[in-house]
Amino acid sequence: MKYALIGCGRIAVNHIKAALNNKLEIAAVCDVLPEKMTALLGKYELTGIAQYTDYKEMLDAVQPELVSIATESGIHAEIALACIDRGIHVIIEKPMAMSISDANEIIRRSEEKGVKVSACHQNRFNVAVQQMRTALEKGRFGQLSHGSIHVRWNRNQDYYDQAPWRGTWAQDGGCLMNQCIHGIDLLRWMLGDEVEEVYGVTNQVFHDYLQAEDIGMAVLKFKNGAVGTVEGTTNVYPKNLEETLYLFGQTGTVKLGGTSTNNIDVWDFADETATDLENKGLQEATSNVYGNGHTSLFADVMDAIKTDRKPYVDAVAGRNALEIVLAIYKSAAEGKPVKLPLETCASTDFIGRFG
């Protein structure tokens with residue numbers, strides 16, 4: 001399957017590794033900075049791969065079957081729609097878009113064109129997350145009470161200085177949109193997807209050189225009666241502490257921990273089995289906070305293309321995670337709860353929020 005990558009920055013390494021692990025034919029890479037492409041290909045000693053600084057030129061010349069988009073967030077939707085219009089299947093790094101209208105258009109146009117779109121929420125493929133999901137689908141938690149996600153990470157000025165788009169409302173958003181959205185995706189997915197109301201608080205404490213927030217907290221009310229809480233921050237000293245997902249039910253309690261929900265810290269069920277004993281203390285080794293899920297996500301998308309089914313993490317999932325972040329922003333800005341679904345909202349609505 002002919003593949004191309006658009007965007008050769010920080011996360012691109014995971015995309016190239018996933019492409020290699022899945023034996024994709026890497027036909028081309030694209031970035032506005034040629035040195036980024038040279039460095040990425042050199043890292044894996046890849047030769048004979050076309051390099052472009054104009055993604056539309058690349059799409060028309062190479063005509064790949066699958067593209068992954070790993071640029072700054074603010075142009076994800078624009079590039080995705082250009083791919084979709086050409087009949088090219090797409091993997092889009094989070095967030096899928098920066099506005100509800102763009103996310104809806106990606107969904108609408110991909111369905112119209114018969115193109116597969118996957119939002120790159122790779123943590124769904126973590127071993128620990130899959131074990132939690134399996135237990136949930138088997139009804140082992142009983143009635144759900146509540147759940148929470150804590151993303152307690154560190155990002156210092158050096159990180160933001162690497163790319164001027166980081167921390168801007170138009171191209172990135174703050175810690176909730178960039179760092180916490182994976183955890184928000186997991187929380188919404190586990191608690192039933194259907195959210196009625198969001199109440200959020202955001203602040204900018206230690207990163208006054210940014211436009212957006214460095215801490216955000218929220219309460220989510222689900223239609224099934226469950227309650228979710230969100231805590232996301234890049235203010236933890238001196239380094240990343242944890243990404244922790246809790247799920248509490250009438251007959252089960254699970255806590256996933258590690259730096260990226262890659263470990264099982266607590267695994268308790270009323271009807272304990274031999275598998276439960278194996279799960280207690282499970283740890284999945286990862287080389288960075290992005291985990292190992294990109295390879296599995298790529299494999300799933302390739303199979304979805306071949307068998308003509310929806311990807312495991314589809315465009316609707318990407319929209320759902322984005323909607324929660326935007327709802328938290330909207331609630332924090334207005335100082336009151338926000339009802340879902342959001343009809344319209346964009347990150348740029350909050351320009352000037354922190355002065």
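Strand S7 (residues 144–152) and strand S11 (residues 242–249) run antiparallel and are joined by eight bridges. In this pair, Arg152 stands opposite Glu242 of S11. The model is predicted, so to speak of local features a pLDDT of at least 70 is needed, side-chain atom pairs count only at pLDDT 80 or more, and totals for chains, interfaces and linings use all residues. Numbering starts from 1 along each chain as its sequence is written, and side-chain values use heavy atoms, with hydrogens and water left out. Strands (E, at least two residues) and helices (H or I, at least four) are DSSP runs numbered from the N terminus, and two strands pair if DSSP finds at least two bridges between them.

Contact here means heavy atoms within 4.5 Å; axes are lines fitted to C-alpha atoms, for helices over the stretch in contact, and angles between N-to-C directions run from 0 to 180 degrees.

Thr261 sits in the loop between S12 and S13. Its relative accessible area is 0%, so Thr261 is buried (under 20%; exposed is over 50%, partly exposed in between, with a 1.4 Å probe and protein chains only). Beyond neighbours within four places in sequence, its contacts include Asn123, Asn126, Ile149, Glu243 and Leu256.

A pocket is an open set of points on a 1 Å grid over the protein atoms alone, where a 1.4 Å probe fits, with protein on both sides within 12 Å along at least five of seven lines; lining residues have an atom within 4 Å of a point. Grid points are joined across faces, edges and corners, and the volume is the space filled by probe spheres set on them. Of the 38 lining residues, Gly9, Ala70, Thr71, Glu72 and Trp165 lie nearest the centre of the largest pocket.

The second largest pocket holds about 180 Å³ of space. Its lining includes Ile107, Lys116 and Asp314, and helices H5 (100–113) and H12 (315–334) each give two or more residues to it.
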